[in-house]
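Please look through the structure below before reading on.

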Amino acid sequence: MAQQQIVDTFHEIPVIDLQNALSTDPAKRQALANDIRNACINVGFFYVKNHTIPDSAISGAVDAAKQFFSLPLEAKAALDIHKTSNFKGYTALLGENTNPENRGDLHEGFDLGWEDMSGRGHSDNGAMTGQNVWPDGLPDFREACLDYYHAAVDLGKLLFPLFALALNLPENFFDGKTTKPAAIMRLLYYPSQTGDVDDRIEGIGAHTDYECFTILWQDRVQALQVLNNDGKWIDAIPIPGTLVVNLGDQFARWTNDVFKSTIHRAVNRSGVERFSIPLFFGTDYNVKLEPLPGCVSEENPAKYEVVTAGDYVKSRLEATYAHSK
Ligand SMILES: O=C(O)CCC(=O)C(=O)O
Ligand SMILES: [Fe+2]
């Protein structure tokens with residue numbers, strides 16, 4: 001009988017406490033980085049607790065999302081993402097198709113990028129930078145979104161040195177590569193699917209994320225699922241007080257797949273609506289995604305063509321929205 005290959009897999013997603021992220025004791029920071037390393041190699045997903053985003057920033061952004069998605073369709077459609085060249089604004093139900101085998105994603109979205117509170121978008125070269133678009137008639141919406149955005153970017157800046165340590169690199173390895181962090185935030189609204197459900201329409205179809213890592217707030221409605229190596233969907237159950245962090249394809253490219261960019265999807269059949277807020281965090285758009293020296297060897301030769309982070313994300317976004325153009 002042929003010997004059965006034993007493939008390591010995971011059945012749950014680890015919870016990592018970030019309390020020691022800024023410890024003055026390097027051994028404590030390294031111990032935390034080791035936990036992150038294990039999660040990145042084996043799962044590609046982990047929860048973080050003691051994550052630094054204030055509850056007030058979360059509740060403000062969630063309230064803003066609820067108000068925005070309750071606007072009349074015409075008001076949201078005026079901000080349709082296809083009207084901008086930099087992927088900002090509103091995505092209608094079925095407007096995106098994350099898994100090309102599906103017929104469209106059953107969510108509405110609102111995308112924004114870097115902008116400081118005083119109203120300046122950052123205007124450098126990347127296709128995804130530049131002005132955000134904002135709805136009329138929701139006076140607190142912009143501030144609530146940006147408040148969360150900046151808190152999540154700060155968390156991303158706390159995580160990058162830990163990822164560097166996890167890869168046996170100097171803690172400041174990514175500093176010069178994340179000067180204008182390429183962070184895209186999305187508000188997401190998933191109606192519940194009821195009645196006869198078309199299997200090719202999911203809240204968000206099976207996909208991997210495009211940037212280095214994603215920081216995701218999810219409400220208490222179970223919908224997010226993560227594919228393990230046995231092809232089984234593992235529920236990323238909502239754990240109050242935590243955020244989900246998952247790796248994206250930029251990190252898989254940097255690390256030549258040593259870090260896993262794990263396939264996931266969201267399916268809301270709970271009977272109630274669901275909200276989530278991902279923030280996709282990458283290096284500056286002009287940085288080349290070159291495999292790190294420690295991640296390439298004779299047994300594991302470089303797998304990916306070197307491209308800039310900006311070109312890579314742009315090509316993935318174009319493919320995602322092509323279906324509703
Ligand atoms: O809403 C979620 O839980 C997941 C969203 C997601 O995977 C994405 O936007 O890339
Ligand atoms: Fe995702």
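At what angle do helix α1 and helix α4 pack? In this predicted model, helix α1 spans residues 26–42 and helix α4 spans residues 141–166. The angle between them is about 80°, and their axes are 8 Å apart. Angles from 65 to 115 degrees count as roughly perpendicular, so α1 and α4 are roughly perpendicular to each other. From α1, the contact is made by Arg29, Gln30, Leu32, Ala33, Ile36, Arg37 and Cys40. From α4, Leu162, Phe163, Leu165 and Ala166 take part. Sorted by class, the contact of α1 with α4 has eight nonpolar residues, one polar residue and two charged residues.

Next comes the ligand. Which residues are around ligand 1? They are Arg186, Leu188, Ile204, Asp209, Leu216, Gln218, Leu224, His264, Ala266, Ser276 and Pro278. Six residues of this shell are nonpolar, three are polar and two are charged. Several strands contribute to the shell: β6 (182–190), β9 (213–218), β13 (264–266) and β14 (274–282) each supply at least two of its residues.

The protein has an average pLDDT of 91, and 94% of the residues score at least 70. For the model, ipTM is 0.99 and pTM is 0.93. Over residues 1–7, however, pLDDT stays under 50. For residues 1–7 the model has one contact beyond four places in sequence. Where pLDDT is low, the predicted coordinates should not be read in detail.

Notes. Residues numbered from 1 in each chain as written. Chains lettered and ligands numbered in written order. Predicted model: local features only at pLDDT ≥ 70, side-chain atom pairs only at ≥ 80, totals over all residues. Near = placed C-beta within 6 Å. Helix = DSSP H or I, 4+ residues; strand = E, 2+ residues; numbered from the N terminus. Nonpolar A, V, L, I, M, F, W, Y, C, P; charged D, E, K, R; others polar. pLDDT = per-residue confidence, 0-100. Contact = placed C-beta atoms within 7 Å. Axes fitted to C-alpha atoms, helices over the stretch in contact; angles between N-to-C directions. Parallel < 35°, antiparallel > 145°, perpendicular 65-115°, else oblique.
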